[in-house]
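Grab a pencil and have the model open.

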Amino acid sequence: MALILRVPLLSTEVSSLQRSLDAPWRVAKPSRWKSLQSIFPIPVRAATEEPDRLVENGTAQKPAVALLSQDPTVAKDVGAGVLIQGVLDVSSPLPSDDSGVRNISPDLAAIYACCKDWTWRGYRIVYTTKGRGPPLLLVHGFGASLGHWRKNIGVLSQSYRVYAIDLLGLGASEKPSEFKYTMETWADIIVDFIKEVICEPTILIGNSIGSLACTIAAAEAPEELVRGMVLLNCAGGMNNKAVVDDWRIRLFLPLLWLIDLLLLQRSIASRLFQRVQSRENLRNVLQAVYCNKDAVDEELIEIIAAPARDAGALDAFVSIITGPPGPSPISIFSDISIPVLVLWGDKDPFTPIDGPVGRWFSGLPATQSNVQLRLLENVGHCPHDDRPDLVHKELLPWLEDVCDSK
């Protein structure tokens with residue numbers, strides 16, 4: 001597993017950070033981290049009675065790395081914000097492998113059982129589908145997978161034909177070595193999937209960088225291919241180098257480039273990748289991301305824990321974290337005229353509503369009549385899994401209106 005840590009540094013800690021930069025191999029100790037805010041779920045292999053034999057309920061799937069995607073902003077209570085890697089203290093031991101295989105719920109198993117393969121430009125892409133009606137395409141966030149929609153597919157499939165996809169390099173989809181991941185690549189996958197698999201105008205629903213990929217796809221897709229779009233806490237870029245109008249991010253940009261340089265050293269990247277695999281660490285990270293702590297269950301942790309063992313996961317992690325951030329939603333939204341519903345968890349530590357991207361989306365309905373914004377109270381970065389009831393309350397009537405208007 002892998003993650004990037006958003007470390008809120010108070011003014012009294014800045015000098016300590018400066019000293020740590022003189023010894024880049026010991027940037028900080030794990031106890032320093034005030035919040036671990038970054039991993040999202042990935043499909044997990046279901047367990048049989050034989051622990052060493054893993055199956056996917058009849059569907060061949062491989063696990064993927066859990067990566068993160070964030071809008072590079074800082075929470076309102078941060079004095080000075082910095083995005084920094086969190087496992088460069090080589091003095092402490094790596095966590096033991098306690099990721100034992102656990103059973104998944106019947107609902108998640110049913111989602112995996114419906115998975116199919118689609119070949120995109122020679123690469124294997126995994127997707128699932130359920131239901132009948134107007135098509136919806138669900139696109140997960142950075143490091144997540146189609147399993148992250150475990151609480152939504154059943155509800156939506158009662159009235160719609162639901163597709164959920166694993167983006168290239170994530171989930172159960174192929175993770176080619178030395179592939180250079182970009183937001184534009186993921187947007188191309190979305191557009192081609194609609195053309196080749198769904199074969200009719202589709203409503204896109206995305207979370208985090210999945211929202212950004214949907215936005216790019218909607219801006220570039222042929223007319224009428226995308227009929228509507230739902231954005232759940234949209235990210236500002238593929239990684240933390242997506243500089244927006246925030247002087248704090250620009251101030252620490254040299255540090256982000258240093259992190260990139262260190263990650264290109266495979267031994268360092270591998271160590272970081274290993275360290276965050278412990279279930280206790282994953283639970284702490286997820287509880288920092290979710291407001292509804294009950295949603296951070298063993299299934300969610302297992303969804304994340306297993307895929308890091310997949311070949312190619314480390315390469316995908318390094319490529320995504322060190323690659324270009326891609327276009328900002330702010331730069332491309334003027335090209336979008338389809339109906340858009342923006343749902344935003346107000347307690348998101350990654351893309352806070354009072355951060356640059358959040359503030360921009362808050363003002364968007366006043367300038368674009370096709371956009372509606374709904375703020376979800378006491379909800380984190382992944383509203384659809386954190387509080388699916390609140391999401392469905394806003395989403396289902398909007399979907400009905402959009403589909404009835406065509």
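Predicted model: local features only at pLDDT ≥ 70, side-chain atom pairs only at ≥ 80, totals over all residues.

**Exercise 1.** Decide whether Cys214 is buried or exposed.

*Solution.* Start with the cut-offs: buried means under 20% relative accessible area, exposed over 50%, and partly exposed in between, with a 1.4 Å probe and protein chains only. Cys214 has 0% relative accessibility, so Cys214 counts as buried.

Residues are numbered from 1 along each chain as its sequence is written, and side-chain values use heavy atoms, leaving out hydrogens and water.

**Exercise 2.** Work out how many disulfides there are.

*Solution.* Look for pairs of cysteine sulfur atoms within 2.5 Å. The count comes to zero. Take Cys214 as a check: its nearest cysteine sulfur belongs to Cys234 and lies 8.8 Å away.

**Exercise 3.** Find which helix holds His392, and what His392 touches.

*Solution.* Helices (H or I, at least four residues) and strands (E, at least two) are DSSP runs, numbered from the N terminus. His392 sits in helix α15, residues 388–404. With 11% relative accessibility, His392 is buried. Setting aside residues up to four places away in sequence, its contacts (heavy atoms within 4.5 Å) are Lys151, Asn152, Val155 and Pro397.

**Exercise 4.** Say in which sense β11 and β12 pair.

*Solution.* Pairing takes at least two DSSP bridges between the strands. β11 (residues 340–345) and β12 (residues 371–376) have six, in the parallel sense. At one of them, Trp344 partners Leu375 in β12.
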